[in-house]
Amino acid sequence: MTIAAIIGGGVIGGGWAARFLLNGWDVRVFDPDPDAARKIGEVLDNARRSMPGLSDTALPAEGRLSFHTTMSETVSGAVWIQESVPERLELKRKVYQTLQEHCDPGAVLASSTSGFKPSELQGCATRPGQIVVAHPFNPVYLMPLVEVVPTEKNPPEMVVQAKELLTSVGMYPLHVRKEIDAHIADRFLEAVWREALWLVKDGVATTEEIDESIRMGFGIRWAQMGLFDTYRVAGGEAGMKHFMAQFGPALEWPWTKLMDVPEFTDELVDLIAGQSDAQSGHMSIREMERIRDDNLVSMMRALKARDWASGAVLNKHDAKISEEAGMVRRTDQIVDPSLPIVTVRRAVPVDWLDYNGHMTESRYLQAFADATDRLMEIVGCDQAYIATGGSFFTAETHIRHIDETHLGSVIEISTRVLMAEGKKMHVWHEMFAGETLLATGEHILIHVSLETRRPAPFSPEIAKNLEMISAAQSGLAAPDGAGRYVGQPR
Ligand SMILES: NC(=O)c1ccc[n+]([C@@H]2O[C@H](COP(=O)([O-])OP(=O)(O)OC[C@H]3O[C@@H](n4cnc5c(N)ncnc54)[C@H](O)[C@@H]3O)[C@@H](O)[C@H]2O)c1
């Protein structure tokens with residue numbers, strides 16, 4: 001089992017612990033705070049309810065979490081050591097001295113620092129080449145970005161290894177090629193923050209109005225295209241050069257106060273804290289974290305459907321974990337064709353719930369449709385085949401809701417081909433959570449020509465694969481409930 005050592009288990013260390021654990025790593029934590037286990041437990045609870053459903057395939061089994069009283073015990077056997085102690089240089093340097101006395105010299109020693117340059121952290125270390133910045137974003141278990149900042153003291157192969165390990169837990173490592181205080185992303189945040197302090201101080205806008213100006217507008221634009229692509233699009237057909245020429249003169253105008261910073265007085269702090277309390281004081285931080293997590297999951301899941309930005313990172317990660325979990329994608333990968341085929345294994349995400357606090361009915365069809373899509377792929381009706389002009393259309397569906405399906409439940413759909421002949425396929429799906437049958441889906445699909453939009457015979461390969469599966473599965477007892485009509489008494 002791969003081991004990560006978490007040194008400092010506060011907001012960020014707790015997020016890292018969740019990121020590694022839910023990706024199947026064992027996690028060891030060192031934090032002198034007697035409350036650390038409780039705090040990490042609460043972060044993990046939130047991570048468990050949001051992160052697994054972000055994937056369209058079940059994450060690996062969770063690793064083991066343990067707390068340790070010495071750094072030496074914590075780093076024993078660890079391949080990744082993540083330092084997330086408070087942002088004080090002398091403290092971080094002292095921690096590295098102790099860590100390097102005990103850790104494997106081949107382990108990556110990564111710092112979450114928001115501001116320090118890696119050369120400052122490497123300063124008086126025993127093995128400077130082992131230390132690198134891996135700056136994450138809160139919540140670490142959901143946000144893909146991690147800024148990896150090395151120096152020339154880090155061997156290039158160590159940097160490659162660090163980026164690979166971060167990718168393997170579903171992150172997007174951005175290699176910052178030139179070290180600079182606060183790296184890349186936090187410099188933007190600092191610029192926006194300074195501007196916002198002025199706007200509040202000058203009475204131009206309240207904290208709430210500033211937040212509205214971000215989340216109702218450019219915040220969503222930035223979330224999917226960033227800064228330059230957003231402006232490129234804004235330039236229209238005339239393009240980026242035109243855009244820059246048009247807005248260039250503003251650089252000379254007093255459109256920013258960034259050259260001048262407001263005095264950070266108690267009065268300014270009280271003004272902002274008071275406005276922020278009025279804006280959101282009615283919610284606890286844990287409640288706000290859950291709202292934030294649910295929003296992030298919903299937005300990133302939407303971007304997954306577009307295979308775009310953070311959604312593309314998630315899709316790649318899903319493909320990898322689904323392959324590692326041995327999900328079947330071709331007929332010749334089926335180990336025992338006489339059994340139903342597992343076509344879906346996934347956690348129920350936050351955006352699949354309804355007002356009754358359980359999975360909403362349309363998502364049952366979505367899950368069964370995903371199962372049918374996977375069956376089609378397995379028998380040879382994949383994207384390449386569809387591009388040649390053949391596909392399946394669903395003609396009839398009957399779903400039975402047998403038990404409640406809850407947020408975070410890992411659902412598994414097993415699929416049978418009850419009949420496949422000529423142009424018609426009769427499919428039976430059963431959805432389980434563990435041993436509990438939650439729902440069944442019965443569907444008739446017609447193979448069609450996408451050109452004529454009319455029924456057309458299966459291709460020889462699809463016919464052969466379906467014939468093999470339905471013959472092998474014919475030894476199973478007829479499924480209970482197949483062929484029922486709606487409302488039929490049991
Ligand atoms: N909060 C953020 O949004 C954010 C984002 C990215 C990076 N960071 C960086 O992450 C680091 C940690 O920040 P945080 O927000 O999690 O702070 P935090 O105060 O929430 O957590 C720090 C933790 O370190 C523990 N600690 C103190 N001394 C220690 C020691 N000697 N050994 C082990 N643990 C010790 C504390 O008990 C605490 O639990 C900082 O370097 C910060 O710049 C923070």
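Guide: Before we start, the residue classes: Ala, Val, Leu, Ile, Met, Phe, Trp, Tyr, Cys and Pro count as nonpolar, Asp, Glu, Lys and Arg as charged, and the others, Gly among them, as polar. What you have above is a predicted model, where local features need pLDDT of at least 70 and side-chain atom pairs count only at pLDDT 80 or more, while totals for chains, interfaces and linings use all residues. Residues are numbered from 1 along each chain as its sequence is written, and side-chain values use heavy atoms, with hydrogens and water left out.

Visitor: Let's begin at the ligand. Which residues around the ligand come nearest?
Guide: A residue is near a molecule if one of its heavy atoms lies within 4 Å of it. There are 22 residues around the ligand. Those that come nearest are Ile12, Asp31, Glu87, Lys92 and Ser114.

Visitor: How many of the residues in that shell are charged?
Guide: Sort the shell by class and you get 10 nonpolar and eight polar residues. The charged ones number four.

Visitor: Which element gives the most to the shell around the ligand?
Guide: Helices (H or I, at least four residues) and strands (E, at least two) are DSSP runs, numbered from the N terminus. By that count α1 (11-22), α4 (89-102) and β6 (131-136) each supply at least two residues of the shell. The top contributor, with three residues, is α4.

Visitor: How many Å from an oxygen atom of the ligand is the side chain of Asp31?
Guide: A polar contact here is a pair of N or O atoms within 3.5 Å; within protein, one must be able to donate a hydrogen and the other to accept it, and residues adjacent in sequence count only if both atoms are side-chain atoms. Lys92 has a polar side-chain atom 2.7 Å from a ligand oxygen, and for an N or O atom in the side chain of Ser114 the value is 2.8 Å. For an N or O atom in the side chain of Asp31, it is 2.6 Å.

Visitor: And what share of the ligand does the protein bury?
Guide: Areas come from the Shrake-Rupley method with a 1.4 Å probe; for residues, only the protein chains shown count as cover. Taken alone, the ligand exposes 830 Å². Of that, the protein buries 74%.

Visitor: On to the pockets. What volume has the second largest pocket?
Guide: Picture a 1 Å grid over the protein atoms alone: a cavity is a set of points where a 1.4 Å probe fits but cannot get out, a pocket is an open set with protein on both sides within 12 Å along at least five of seven lines, and lining residues have an atom within 4 Å of a point. Grid points are joined across faces, edges and corners, and a volume is the space filled by probe spheres set on the points. For the second largest pocket that comes to about 810 Å³.

Visitor: How many residues of its lining are charged?
Guide: The lining has 29 residues, and those closest to the centre are Asp56, Arg329, Asp370, Asp373 and Arg374. Helix α14 (361-379) supplies the largest share, seven residues. By class there are nine nonpolar and six polar residues, and the charged ones number 14.

Visitor: Which residues lie nearest the centre of the largest cavity?
Guide: A search of the whole structure finds two cavities of 30 Å³ or more, and about 100 Å³ of space lies in the largest. Helix α13 gives the most to its lining, with three residues. Of the 13 lining residues, the ones nearest the centre are Arg19, Leu54, Gly170, Leu314 and His317.

Visitor: Which residues line the second largest cavity?
Guide: This cavity has a volume of about 30 Å³, and α4 gives the most to its lining. The residues are Arg93, Tyr96, Gln97, Leu121, Cys124 and Ala125.

Visitor: Now the strands. Which residue in the turn between β12 and β13 has a positive phi?
Guide: Two strands pair if DSSP finds at least two bridges between them. Here 10 bridges join β12 to β13 (residues 436-449), which run antiparallel, and Phe432 stands opposite Leu437 in β13. The two strands form a hairpin with two residues between them, and the turn residue with a positive phi, about 60°, is Gly434.

Visitor: Which residue has a positive phi although it is not a glycine?
Guide: Most residues other than glycine have a negative phi. The exception here sits in the loop between α12 and α13. With a phi of about 50°, it is Asp307.
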